[in-house]
Structure formats: structure tokens, C-alpha cells
Number of protein chains: 2
Amino acid sequence: MGETLADVGEFGVIDRIKAVIGEPIGIDVGPGDDAAVFDHPGSTVASVDTVIEGRHFKPEWCDPQDIGRRATAAAMADIAAMGGRPTGVLVSFGLPAETAVTWVEEVIEGAKAEADAAAAVVLGGDLARSETVTVSVTAIGSVPQGKAVTRRGAQPGDVVALAGRQGWAAAGLTVLSRGFRSPRSLVSAYQRPAPPYESGPDAAAAGATAMIDVSDGLLADIRHIAVASDVLIELDAPAIPVADQLVETSSAFNVDPLTWVLAGGDDHSLIAAFPAAARLPDMFTVIGRVEEAPEAGPGVNVDGRLWSGKGGGHDHFRG
Amino acid sequence: MGETLADVGEFGVIDRIKAVIGEPIGIDVGPGDDAAVFDHPGSTVASVDTVIEGRHFKPEWCDPQDIGRRATAAAMADIAAMGGRPTGVLVSFGLPAETAVTWVEEVIEGAKAEADAAAAVVLGGDLARSETVTVSVTAIGSVPQGKAVTRRGAQPGDVVALAGRQGWAAAGLTVLSRGFRSPRSLVSAYQRPAPPYESGPDAAAAGATAMIDVSDGLLADIRHIAVASDVLIELDAPAIPVADQLVETSSAFNVDPLTWVLAGGDDHSLIAAFPAAARLPDMFTVIGRVEEAPEAGPGVNVDGRLWSGKGGGHDHFRG
């Protein structure tokens, strides 16, 4: 056991964090001052995502780098889901005094690596003592003025399309929770999501009318678009891509792979609605269409049947 | 006991929070989408501050509105300390499932009231389940391009000046921790700090060379300027304002009121260095001057004697 936060103290840890981050390129004022200062074009986009040990991650399934990557990916995917590009992230820790300093350094390394994958940087953060291991990441980015894509613009006649891996993280979680460590591709999809960051701005440029990233579950998150846009979304199950790895692994684990795809969160794939005439960006696959909401109100159908909400999405306070 | 988070669920709470926030004025996309979207002039400034129950606040000393105000004030004061103006805040909660929904609503009300005091808004946030009550506020603001004031520009010959109440929160904490509830002015200074937000941009416009807000303790935070600027800061104790309320209360509590002023944090007063020829904004009082750092390195003197670090500042991991 190496040095702990109690050993080196708050300002000692901050120095170590600053050493890991270095001087972020293109940033006027980086970590270590009262606030970070930077320029980016257009409007500012901001979102925060918090992960808690035991609830969002288990230390035996995610190393500290993974924790940093996952939390950072979750926050930055929200920027992409508005059609924006992340500029940087602030990482805020709540940690017990006995936490190893190297643990903090590795989380920051993970955050930095994930930020780098989206051409963003770690801007700074803060550190507080807590009995519960907590990592909260705020992502800040930019979108061309007036071009942000919300959840509420989907129109009857639009197509609904998916970009990025979907169901992989859920499959990886099943593998891990049954005590296995492979297939590696699925386990690592859970540990290190790969949101299709660039597909967000691409979708906005192609005229997307509504967009969301899948963090809670494909159907649960599509439902947010349906409700916000007051429409019915009809998904065509056979059109939803199910990767070979999912099919192969599902038979070994006696799971319907479509369950992973429809109910799985944590991949931060992007779902967008586009006018039927739009030319979709390469990464997107059409998986359904938007219709008028029926009398009963907005919702999501899968192959013509109303999805009841079962098997998709997760309510953290009722879980 | 009213409804809890477990009763209404994550999305039920989010709806209640959205109802409290309303539609923030001047914001393109407010709470309830993947991210907030807004425009502000100049460069973007961002900082995060986290408060933890039992460590940064005790429920018996701060009502939920106070908790929201204090966390929001701490984050927004960091924007002012760069010479910036806050545009909005994101509020992130870590909460047990048995938390009352009204508690969350009241924290948000406090955050909204404090944001309003700085002409800012609540942009959104998130909610995670945690055994430890945690409120993390990210403040985002703007500063004219190239005009941010860091900690590192203080020059020998500059004067050092203070704006805002200082020592009041520490005095209020002493009062509360000895079981009293008055004087109300001091208790409420602890519960609801009043950072001099406008003095930040005023200082920047007046040519401030370095600035910081006092969150950990006057001497501890001035020391950050001294170290970052590689200078010696000479404080003139008789020049430091000690409010009548502090003097009166100190005798009843048998405390040196200067201890509250020099060692007290949480008021989020602003300390800035200015060129000697600068015309100081109204709120600032000169309390010292900047000199060349001696051989031994940068530091802070009080009345010509090196401050040892005792009695000022707080290290959360060694406290």
C-alpha cells in the first residue's frame, strides 16, 4: 500500500493531479487556479455526470483508469448528443482519506485519455473528503450557435437512426457479473465505452431533428425523445444491428442478445431522428421511424407493439 | 415525513427539480435535455465545488436552502475571482434513497436564489444514489477575452486589497459550534455567504494583477497568490477591517477577532493585487503590499513576521 490522501494532504494530491494533467493545449488557464478559462466558438454546452462506487462501478470490474474513462465518456457523450464537441472536463472527487494517491492519479489518467479521444482536455476539478467514493465529471463543449439538437424536435415522418456500439456494455456486464473475464471485447466495452463523439456534430450538420445518447437503455432513452417530441417512435427490431460477438456470447449465457441491445445502457451510442430526405452520416443505421402520437400519448413501439418499459432503463433510486 | 426519492423515483425527482428551476431566462436549452446550451460573450470560465454532509455542513446548522446557497456561492465566487461573471450553474447530487424530495427541492431553491444574486441561472444537473449526502456545483461564466485574472501575476510594488465580508462565516461557525444561534448576522453569514461577485469584474477592469477568493482562510489563500506569483506579501494587520459585530462577539466568546479574520474561510471575500497607481474599485480596502520574495522563497508576512501556516487554512484530508 502506497501513500494515501491523508499522507500527502489535499494540496499534495492537487500537485500530483496537476502533474498528470500537465498544461492542457489551447487552454488560457488550466488546472490550479480558481477556475479554468478557455475559448471555443459558438454556444457553450455543459453537462455533469456522477458515478458512485458500488452503484455505477465495482472496483473489482473497473480499474481506476476505466473509472476515469467511463465517467468522462458519459459526460462528453451528452455534449455530442446536443450536436456539440467537448472542449474539456472538470473532474470532482469525493474520497475517503485512506484512498491511495495512485488511485486518484490513475482516474485522472483515464479521464485525460478519454478526453483526448474526443480532442478535449482536463480543465481542472476539485477534491473533497467523503465516505463514499464519488467521481463527478462536468463536460463543457461548444455547438454552432442555434444548431444544438435537443430531444424535442422529432417529427412524424422522420427516420430514427443509431450510431455506435449498442448492447456491448450490457453484455460485458453480464459476463463480469457471472464471474467471467471474456470475451474481452465485451468486457472492455463495459470498462471503456467508445461513444461515437464525432457522430453528434455530423448528425447536427445532416439536419437531425432530435438526439440523445444511450446511457440508461436504448428503449428508455428513445422514450425520452418520444415524450419530449410528443410522438410515437416505431422501432423495427430486425433493423437494429446485433453484433456477432453479442450473438455468439448470448448463446453461451442463455440470453436473448436483443435484450442487451434494447435494454442495455452505458455504451453511449447516439440515437437521432432525421427528416426522411436527409442524407444520414456514415455511422448511422436506420432502426425505425417517427409517427403521430396516438390518443394514449407518446411512446415507443417495437415491431408494432407498445413497449411497456420492462427490461429497459434503470431508476437509481428504485434499483 | 413526506415523499422520499425512493417513492417518486429518479425521473419523478427530476421533474420536481425542473418545476423549481422553471425556464431559465436567456438560456437556449435549460434543464431536462442531455446538456444545457447557452451563449455568453468572451472566454468561458468554469469551476466546480463539492460539499459533503458532516464535513462541509451539518444539517442542524444549515437548512437545505442554505446548503444550496453555500455550494453555489463557493462555485460562483471562483468565477468572480478570475474577473468573470457567472452565467449559470449545474447542480449534481449524491443522495441516499430515503432523502425527502422536499429536501432536494429546497437545495435547488437555494441554488437558484444564490445564482439570481449573481444574475446567473440554474442550468441543470444530475442525481445519483449515494450513502453520503453530496452536493457538487459547477459554475460556468464568462470573462472578456484575455482579461482573466489568475493567481500568478502579483508584482513587487503592487498593493493587496480585500473586498467583501471576511471572518464573519468563521465567527458564525464558532457561535454555532458553541451551541448558540445568535448574533444572527454572524450565524447567517456562515449559512449564507455573500461573495462580492461584482467586485471580481471590477477588479479586473481596474487592472488587478492577481486575484483569489477566500474559501480556506485569508492567510492560506493569500499564500496561494504569493506562491503562484513567487513574491512576498506583507500584510498590515491594523489595516485589515474587523467588523464591529466580530469585535463585540469575540469578547463574549473569548476569541481574538483577528483570528476569525486571518484564518477564517467560507466568506468568499476577494483578495486582489493591484499596481500601486491603480484606482481601486469602491469595495476594496488595501491591507498590504507585494515585495520581492526573499531567498527563503515566497510567503506571507503579517506585520513583518513570516506567517507559519498555523491557524489558517484547512486540509480536508488531514483535518
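Across the interface of chain B and chain A, 22 residue pairs are found in polar contact, counting pairs in which both residues have a pLDDT of 80 or more. That confidence value belongs to a predicted model, and the points below describe how its two chains meet and how one copy is placed relative to the other.

**What chain B brings to the interface**

- The side of chain B that touches chain A draws two or more residues from each of several elements, among them helix H1 (5-21), strand S2 (43-52), helix H2 (64-80) and strand S3 (85-95) of chain B.
- Strand S2 of chain B gives the largest share of that side, namely nine residues.
- When the residues on this side of chain B are sorted by type, 28 are nonpolar, 21 are polar and 17 are charged.

**How much is covered**

- The contact involves 66 residues of chain B and 66 residues of chain A.
- Between them, chain B and chain A bury about 5,200 Å², and 53% of this area lies on carbon and sulfur atoms.
- Within chain B, the residues that lose the most area to chain A are B:Asp34, B:Arg129 and B:Phe317, which together account for 18% of what that side buries.

**Pairings across the interface**

- Four salt bridges are counted between chain B and chain A.
- Strand S1 of chain A, residues 36-38, pairs with strand S2 of chain B in the antiparallel sense, and the pairing runs over three bridges.
- Along these strands, A:Ala36 stands opposite B:Ala46, a residue of strand S2 of chain B.

**How the two copies are related**

- Two copies of a chain are related by a rotation about an axis and a shift along it.
- Here, chain B is superposed on chain A by a rotation of 180 degrees with 0.0 Å of shift along the axis, and the RMSD is 0.0 Å.
- This is the relation of a two-fold axis.
- In chain B, the C-alpha nearest the axis belongs to B:Thr132, at 3.0 Å from it.
- Both copies use the same surface, since 100% of the contact residues of chain B recur in chain A.

**Salt bridges in the whole structure**

- A search over all chains finds 18 salt bridges.
- Within chain A, A:Arg16 forms a salt bridge with A:Glu3, and their closest N and O atoms are 3.1 Å apart.
- Because A:Arg16 lies in helix H1 of chain A and A:Glu3 in the segment before H1, the pair ties together parts that are 13 residues apart in sequence.

How values were computed: Residues numbered from 1 in each chain as written. Chains lettered and ligands numbered in written order. Predicted model: local features only at pLDDT ≥ 70, side-chain atom pairs only at ≥ 80, totals over all residues. Heavy atoms only, no water. Contact = heavy atoms within 4.5 Å. Buried area = accessible area lost by both parts, 1.4 Å probe. Salt bridge = Lys/Arg side-chain N within 4 Å of Asp/Glu carboxyl O. Polar contact = N/O pair within 3.5 Å; in protein donor to acceptor, adjacent residues only side chain to side chain. Helix = DSSP H or I, 4+ residues; strand = E, 2+ residues; numbered from the N terminus. Nonpolar A, V, L, I, M, F, W, Y, C, P; charged D, E, K, R; others polar. Pairing = 2+ DSSP bridges. Least-squares fit on C-alpha atoms with pLDDT ≥ 70 in both.
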